[in-house]
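This report describes a model to a reader who meets it here for the first time. The sequence and the structure come first, and the description follows.

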Amino acid sequence: MNCQNFGSIVNDLARNQMMEAGAREQAQLHSLSCDLCAARLQEEETLTQGLRELTVSMCDERASVEIESRIAVAFREHLAASHSVAKASSSSASVGLARSSRRYWSYAAAAAILLTAALGLAANRLWWATSPPPEQVAESNGSSTPANPKALEKVSPSAHPVAEGMPVPEGVTIKPDSRAPRSRSPKYASAAKTLVATKSRNTVTVQSLNILAPTVEVTTGFIPIGYSNAANVQEGGQVVRLEMPRYAMARFGVPINEERYAEMVKADVWVGADGLARAIRFVQ
Amino acid sequence: MAVIRRIGAHPQMKQLINASDIELLQRMSAGDEEALTALYRRRQAGVYRFALQMCGSRTLAEDITQEVFIILIRDGQRFDPARGTLSTFLVGVARNLLLQRLRRERFYAPLEESAGDEVAMLKSLRLADGPLEDFTRRESIASLRMAVLALPTRYREVVVLCDLQEMSYVEAAEVLGCAVGTVRSRLHRGRALLIEKMRPVRDEQASEAPAKSARCFA
């Protein structure tokens, strides 16, 4: 063993720490042969002895009794605080539970209302989509709702040739269906009507138009009926749709195909406030 | 001893004295004040001595001891038995608190309290043999204590733990949170510094000793 190796273990040697028996023996032999290492070992052993005496001298050192009483007080305060915190947390938990329960029920009620409304709307639409065309006999003096003013503005009697002396067919009165849904835009205002018409004693074909399917329609302009004038047109009224035999178009000066003479054609009739037809247009 | 004898008479306290640190800690966490008392009486001396040997102030050492056990009361669940014993845990907490306090108060000059502590320390040293030997011995121990206190903190704490608290390298490493090799190298360096500090004192004592004895025998 050389001095460097001795220096690495001299601490453990002086402190009587556990080490390999061979290393300890070699270190002791080295200290016998090397004066410098022997002096160093002596210093280390002296220091170890002094430190042990210092330890022994302080072995009776203890904290004062006051510290123990302070710690006991702190322990009791901690226990009380933890109990109060536990109570507060439990009460706050119950309050929070009640709040969350109330919130839950309000959400549930709102969801139920929304669900009911959605189901009602869906059922309504389904009913309208699947219900057969109502056939009703219109009363001769049925009430009518005023038409959309914008739709009235579109009526232009001078845009088409006036067929003077062309009255509405006799016995034909027009009444809008009260169940007809309202159109959402003036474009489909006329299509939003379900028309019930009677011709003499026979029921004219009545059709319920689906306003939700915006089909492309080609229409003629409104053709004023003989006894109407501009002042009557401004009074307001109602546009209703009906079907009539194609040959009726000839009465208004519209050319017709003779081969389809007996077929039905759609027509929008503008009915004045007095219940009389003011103008008509044909729809394809 | 009187306290131990008194509490030993109570069967429950006798049971607490025989309980392990972990059991006492569990009972203390459950609200058992007697378990806290037993644990404090068992471990406070080691914590207090470590703090005293590290800082040299009784007042500060008592403060640190109190704070350590208050932390144990509040955050006792932080102790993990898998990482070491409760003793090393407490000393580790004391060390952290002490370093914080020393860092905070490094700009303050010590008051007379330190001188009073020194006198008390000298008085506490037990007498042995004759008065002259006692005086020499007490003086050398006091100078050694001052040398320990004058060490840099990193070396002082290792010397205190391994030599004064007689912990193993592994326990000291647990307290300090470092490797065992680091403990060994720091101890080696710390002891070398102590020898350097003590050498002039020893030389001075060696040179003064014959004169003193000459005066005594004159």
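## A loop residue and its surroundings

Asn16(A) lies in the loop between helix 1 and helix 2 of chain A. Helices (H or I, at least four residues) and strands (E, at least two) are DSSP runs, numbered from the N terminus. The model is a predicted one, in which local features need pLDDT of at least 70 and side-chain atom pairs count only at pLDDT 80 or more, while totals for chains, interfaces and linings use all residues. Residues are numbered from 1 along each chain as its sequence is written, and chains are lettered from A and ligands numbered from 1 in the order in which they are written.

Although Asn16(A) is not a glycine, its phi is positive, at about 55 degrees. Asn16(A) has 10 C-beta neighbours inside 10 Å and therefore counts as exposed. By definition, a residue is buried if 20 or more other C-beta atoms lie within 10 Å of its own, exposed if 12 or fewer, and partly exposed in between, with C-beta atoms placed from the backbone.

Chain B has a residue of this kind in Glu166(B), a residue other than glycine with a positive phi near 55 degrees. Glu166(B) is placed in the loop between helix 9 and helix 10 (169-176) of chain B, and it counts as exposed because it has 12 C-beta neighbours inside 10 Å.

## The two chains

| Chain | Helices | Strands |
|---|---|---|
| Chain A | six helices | seven strands |

Of the 284 residues in chain A, 21% are buried; of the 218 residues in chain B, 34% are buried.

In chain A, helix 1 (residues 3-14) packs against helix 2 (residues 21-33) at an angle of about 110 degrees, with the axes 11 Å apart. Axes are lines fitted to C-alpha atoms, for helices over the stretch in contact, and angles run from 0 to 180 degrees between N-to-C directions. Helix 1 and helix 2 of chain A are therefore roughly perpendicular to each other, a term for angles of 65 to 115 degrees. Phe6(A), Ile9(A) and Leu13(A) of helix 1 meet Ala23(A), Arg24(A), Ala27(A) and His30(A) of helix 2 in this contact. Two residues are in contact if their C-beta atoms, placed from the backbone, lie within 7 Å.

Chain A also holds an open sheet of four strands in the order 4-7-6-5, with antiparallel pairing. Strand 4 (223-224) and strand 5 (237-245) of chain A each have a single partner strand, so they stand at the edges with one side left without a neighbour in the sheet. Two strands pair if DSSP finds at least two bridges between them. Strand 5 and strand 6 (residues 264-272) of chain A run antiparallel and are joined by nine bridges. Gln238(A) has Val271(A) in strand 6 of chain A as its bridge partner.

## Where the chains meet

The contact between the chains takes 24 residues from chain A and 34 residues from chain B. Helix 4 of chain B gives the most to the side of chain B that touches chain A, with 10 residues.

Helix 4 of chain B is largely enclosed by the rest of the structure, because 17 of its 23 residues are buried. At Arg43(B), helix 4 of chain B bends by about 45 degrees, the angle between axes fitted to the seven residues ending there and the seven starting there. Gly56(B), with a positive phi near 80 degrees, follows helix 4 of chain B.

Methods
Parallel < 35°, antiparallel > 145°, perpendicular 65-115°, else oblique.
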